[in-house]
Amino acid sequence: MDFQRLILFGALGMVLLLLWQAWLEHESGQPSAIATSTQPAQSVSPGLAQSGAATSATATDDVPQAPTTRQQPEPGDTTAVPVNQTLPSAQRVVVETDIVRAEIDTNGGDLRYLELLTYPVAIDQPDEPFVLLNDSGADLFLIQDGLLGSGHEFPNHHTPFSARATDVRLAPGENSVSVDLDWTSTEGVSYRKTFTFHRNSYYIDVTFSVYNQSASDWLGYQYQQILRTQVVEKSSGLGFFGRLPSYKGGAIFTPEDKYEKIDFEDMSEANLARATPSGWVAMLQHYFVGALLPLPQEDNAGYEFYSNVTQRDSAPRYLIGYKTTHPASVPVGATKTLATRMYVGPKETQRLIKADAKLELTVDYGWLTPVSSPLFWIMTYIQRVVSNWGVSIILLTLLVKLVFFPLSAASYKSMARMKKMQPRMKTLKERFGDDKQKFQQAMMEIYKKEKINPLGGCLPIVIQIPVFIALYWVLLESVELRQAPFILWIKDLSLQDPYYVLPVLMGASMFGQQLLNPAPMDPMQQKIMMALPLVFTVFFLWFPSGLVLYWLVNNVLSITQQWVITRKIQAADSKA
């Protein structure tokens, strides 16, 4: 097989990759079990249920059972609830720091709403913050927690807490601000739930302080869970490809099984029940994450990660969380504080690493993570110097070319020699006519005599493909490149070029590159090779402009390198 066919197959493989990505988008865009509704919000009061000896302020099918209670499979709530249902609500406590604005509802003490003040919802709406957590409409995303046990009343995420303040703001000079919620059981056990928000941080600390003034010792378990619905997302305006495919659903990390995705379909098929000494639970979406980070327990007690689906027949609500497996004890007259932590914000790698719990794995680069992670790491350090992600991509492309310079130089030398052999190849073609076997034998003899590697010409494409795919996932998953400007009309490197300038230049560079390559002997192959720049241009019209920029710069550097090498070989031949 000659090198032209290898190049052709490599190019067709790239086209198949693009088609595969489009197919993934089509599959991920299928209507889900919940659809957006325009009906006004309504609320339905949750029912009251008791189980065994366990007693709580309010117990429903979305409250996990304490480990001491034998757990039986629970059917989903089949009550007809409007899709646009608003959760039961009471008084709201508004918390604002330098980078987030959150709302906590005293009905259950849930973290119901959170805006990211430094992340606009769109580049043309700089004053409208991106909303990550939300408790109204079809797209629900909120965090619930509470305590479980038997022999006492325990506060869960339906308990009516009271708040001392309803508007809490981080003042200049303060490093953190706290919100206290209180509730006292009829037995005399007082509970204080405290949220602590920190300056320049998306980590939130949550503590339960138990003041046991009852007549018996207190034994209880802690739980925390994320509630999420699945909705059909709007297209992000990427034309032919619709929105770029990105994972949206649950994920967990345990020391035993490492990082694992638990998508909505997995939750629907079976409830998760995973015992682990540590780890985290999260709900992921494009660029952002809500993660629960349980802290080490006394006596190395562990956790159970669980999932559940309620309201299966109307508007499914997906729950994923954890609960402690060993009870905390509070003697009569004593006080104890149970602590946990969460991260709610963008998937900024440096912030995620601070958790020291492999939370950075939520930035999912797929099977090319070993290539994507170093590329992003290098780009990050370049960006710190140049302060422009577009320039970082250009310099990264230059570094990649330098790393593979010896290999690509040998390839271009082989291609230059093969181009010099074109007249002889044409003569052989005319001599042997349709006898392809003799033509191939004669051609291979010439290659051997002239020390030409027929496979060398396809190496540049083979080298580029994994880097191309890896950079594609970096641009897709790295929130640091979201709304990152380059120059002039390129306002967001993660979106397509609005005027298609880069794709057209990229197609022109591919055409120029073909002029330097030896033309295929087969007329059909010639036509296909000449059509490839146009085909790639059409595909790249809707790709992230940062990715097109990489491909364009790579082509320009390749053309320059190939032109210099070809001139040197021609000069050497003329002297000989």
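Reply: Asp257 is partly exposed, at 42% relative accessibility; here buried means under 20% relative accessible area, exposed over 50% and partly exposed in between, with a 1.4 Å probe and protein chains only. The side chain of Asp257 meets that of Arg274 in a salt bridge, 3.0 Å from N to O, the term denoting a side-chain nitrogen of Lys or Arg within 4 Å of a carboxyl oxygen of Asp or Glu. This pair links distant parts of the chain, 17 residues apart: Asp257 is in the loop between β14 (249–254) and β15 (258–262), and Arg274 is in strand β16 (residues 273–276). Strands (E, at least two residues) and helices (H or I, at least four) are DSSP runs numbered from the N terminus.

The model is predicted, so local features need pLDDT of at least 70 and side-chain atom pairs pLDDT 80 or more, while totals for chains, interfaces and linings use all residues. Residues are numbered from 1 along each chain as its sequence is written, and side-chain values use heavy atoms, leaving out hydrogens and water.

By the salt-bridge rule the count is 19. In one of them, the closest N and O atoms of Asp135 and Arg92 are 2.2 Å apart. Asp135 sits in the loop between β5 (125–133) and β6 (141–148), and Arg92 in strand β2 (residues 92–96), 43 residues apart. Asp135 is buried at 5% relative accessible area, whereas Arg92 is partly exposed at 22%. Both belong to a network of salt bridges that also links Arg101, Glu103, Asp105, Asp110 and Arg112.

Lys193 and Asp145 form another salt bridge, with closest N and O atoms 2.2 Å apart. Lys193 lies in strand β11 (residues 189–198) and Asp145 in strand β6, so the pair ties together parts 48 residues apart in sequence. Both Lys193 and Asp145 are buried.
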